[in-house]
Amino acid sequence: MSRSGLLGALRAGGHRSLTLVSAPAGFGKTTLLAEWVQTDGPGRFAWVSLDAGDCEPGRFWTHVAAALSGVEPDVTEVTVSAMRARPRRIGDLALPRLLDALSAGTDDVVLVLDDYHRAETPEISALLAEFMRYRPERVQLVVSTRSDPALGVARLRAGGDLVEVRADALRFDEAEVASFFDGIGLPELTPTEGHQLAERTGGWPAPLRLASLLMPERGRATFIEQFSGASRHVVDYLAQDVLDLLDPETRDFLLQVSILGRFTGSLCDAVTGTTGSGALLADLERANLFISVDSAGEWYHPHQLFTEALRVELTRSKPTLVPVLHARAARWLEAAGDLEAATDHAIASRDVHLASRLVAGQVQPMSVSGRGANIGRWLAALSWPEALRDPELAFVRAVAASLANQLDDAADWLDVARTGDLGALDATGLPLGFRVDFLESVTGVNDVGRALASAQGAVAAAPNSTWHGIALACLGQAQYLAGQGAEATVTLRHAVGEISDAHPIMLALAVGTLGLAEASAGAPSHADPLLDRRADVLRNVGADRSVAAAVLLLAGGERARRRGDPQGALVELRLAIDILADMPRSTWLADAFLLLAATERLVGHGPGALEAVDRAQEVLDRVPDAGGLVARAAALRAALTAPSRHATEFGEELSEREVVVLRLAADGLQQREIADQLFISYNTVKSHLKAAYRKLGVTSRDAAIVRLHQLDAATAPH
């Protein structure tokens, strides 16, 4: 695959002291230089491939002189022989002779020293620096290496006398990955496959070549998904080309710190139990050993595939050391304030106590900031028996289940939590017993009586005003579901005043339930002006599919109905049901269906109202204690199934549509608004009202509404 942009960068080094191609193994340094030779023609390139045997100056410069003699007529066998004859006098005899021979020529020459790191010694670097300084300008010096040479690279860079091609430039981007696979005849990659391969390999060419050789004709997506540093062929490549070339101390260091995703010198000191890691990391970064450093020079980042391969080797060779290293990392990261990374390492160390403490301390801040997915990921990883029995973790699992609307699971985990020390304090000073009572009162809505008792216990044990307000919110919820609308209104007004904005989900639940309680008690609404703001906050924290969000929608539906917009109420109620449908055994879902039924009845949709009551009853039949919802469902069903008895003293009965129009008029709607709500014409509304007035023997709207209320009272089921 041609890399024309990089070839242009190489050519730009023709008038600089040094062209440096520096990158780890497998990044295609030699391949790039070979393409340059092939593209521009070999006639002006002197190529030297170096190995460990070339670290003796006489041999090194003999190879250099021999390569130059192939493209430069004035560099003769005499020049080459001088290198062999006086290996100890290279600097003062043979090298000046080589420079004199080069100064006689006129054509441009490129000297390529490939794999320079294999032969580099202080003596050779000193001689090469002299060659670089005194060479004719027409001779371009190109050094290809895995680590930066001791040629004053920083000084050359500062003086604008250096051209560099490094790993970041050599990486394949997604388009180049696709071109590479097309070029070797494999079927075209999809954009997703190209993205995955580029991401998994970090654009590192060597693993991409391995992937191209191993990729099957069928099941390509699965192969790409599973291709990682743990793949045997990647591990073998790194072992042979990288790890086996390191000294034992460096190899052991890299194996131990491979448990880290990123690291500093002090973190590595803590993990390895040594000192001096900062200097070693700087050396490794300069050596291009698959480690890069941030702009501040503090945090180092290893290559993903390299790290994965090291972890495989660490697990194979020192399995008992792995949890010890993770525990050390967890303690250092916790002390440094990086609690999320500390938690990951605590879980990997299988230290249940440490992991439990770290996870529990982050439930509240992560929940209110919309990052609950992290909690779920940690809990899924804490899956061994001891972790599943831990009371504190059980409480955290109950919280996570409640946030996911999995109320039955939450109840099961609360039972496990109750087996612990109920006086045990969490990081915020809350006893486990209070936390269990509080959460049970929130999530235990399927058993309203039990939720009432738990809420009362939480109110009594609340340690401060904020938690007292939260406990009151739970009590008010239970009171509303128990059919105690007036009591719930009083309780929830206090709750809303005590809960701080730091608890947005509980504050939203309190506001929404207050709106419903006020509507059921016929009380003036304090909640209506707060509903929209609370809904916005829930969206901002990623809780717009929570129970609290659904309760706000239910309260919004009641607000719309009271304001004479039953169609708008239906929209909000159905949105709430869509959220609550994730909890098919929740009294909140039953309540939502009953509110829907009442609103459907208001607009004259009798069959829809009956269906909603049936859906509510299906839920009520499956919960142990539905509180006051059972009686509400029975009353609604009786009203919907009773024969129409709106007979006037003149012997005529009001039609169902006439009753609906009058009820909407009683809610304050004007004739055109009634037409909009019922999707009928303005003239049809006028006709219904005119017929109703005649049947009722009245001449005004107010008189008709009074007579309708009298008929409703006379025909209500007793």
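**Stop one: the sheet**

Start by selecting E2 and strand E3 (residues 109–114): the two run parallel and are joined by five bridges. To see one of the residue pairs, click Ser 49 and look across to Asp 114, its bridge partner in E3. Keep in mind as you go that this model is predicted.

Now bring in the rest of the sheet. The sheet is open, with five strands in the order E2-E3-E4-E1-E5 and parallel pairing. At its edges sit strand E2 (45–49) and strand E5 (162–166), each of which pairs on one side only.

Next, colour two helices. Helix H2 (residues 29–40) packs on the sheet and touches strand E1 (18–22), E2, E3, strand E4 (139–145) and E5. The direction of H2 makes about 155° with that of E2. H3 packs on the sheet too, touching E2 and E3, and its direction makes about 150° with that of E2.

**Stop two: inside E4**

Is E4 mostly covered or mostly open? Mostly covered: seven of its seven residues are buried. Show the side chains and you'll find Val 139, Leu 141, Val 143 and Thr 145 pointing one way, with Gln 140, Val 142 and Ser 144 pointing the other.

Then check the neighbours. E3 and E4 run parallel and are joined by five bridges; here Val 109 has Val 139 in E4 as its bridge partner. E1 and E4 also run parallel, joined by four bridges, and Leu 20 has Val 143 as its partner in E4.

**Stop three: aromatic rings**

How many aromatic pairs does a search of the whole structure find? Eight. For one of them, select Trp 61 and Phe 131: the ring centres are 5.8 Å apart and the planes meet at 50°, so this pair is tilted. Trp 61 belongs to helix H3 (residues 57–69) and Phe 131 to helix H6 (residues 122–134), so the pair ties together parts that are 70 residues apart in sequence. Trp 61 is buried, at 0% relative accessible area, and Phe 131 is buried as well, at 0% relative accessibility.

Two arginines deserve a click here. Arg 350 lies over the face of Trp 384, 4.2 Å from the ring centre. The charged end of Arg 435 sits over the ring of Phe 395, at 5.2 Å from its centre.

**Last stop: the cores**

The largest nonpolar core has 156 residues, and those with the most contacts inside it are Leu 260, Phe 263, Phe 438, Leu 554 and Trp 588. Centre the view on Leu 554 and you'll find it touching, among others, Leu 516, Leu 573, Leu 580, Trp 588 and Leu 595. Finish with a second, separate core of 40 residues, including Ala 67, Leu 68, Leu 99 and Leu 156.

Notes. Residues numbered from 1 in each chain as written. Predicted model: local features only at pLDDT ≥ 70, side-chain atom pairs only at ≥ 80, totals over all residues. Heavy atoms only, no water. Phe/Tyr/Trp six-rings, centres within 6.5 Å; stacked < 30°, edge-to-face > 60°. Buried < 20%, exposed > 50% of the residue type's maximum accessible area, 1.4 Å probe, protein only. Lys NZ or Arg CZ within 6 Å of the ring centre and 35° of its normal. Core = buried A, V, L, I, M, F, W, Y, C linked by side-chain atoms within 4.5 Å. Contact = heavy atoms within 4.5 Å. Pairing = 2+ DSSP bridges. Axes fitted to C-alpha atoms, helices over the stretch in contact; angles between N-to-C directions. Lists of a residue's contacts leave out its neighbours within four places in sequence.
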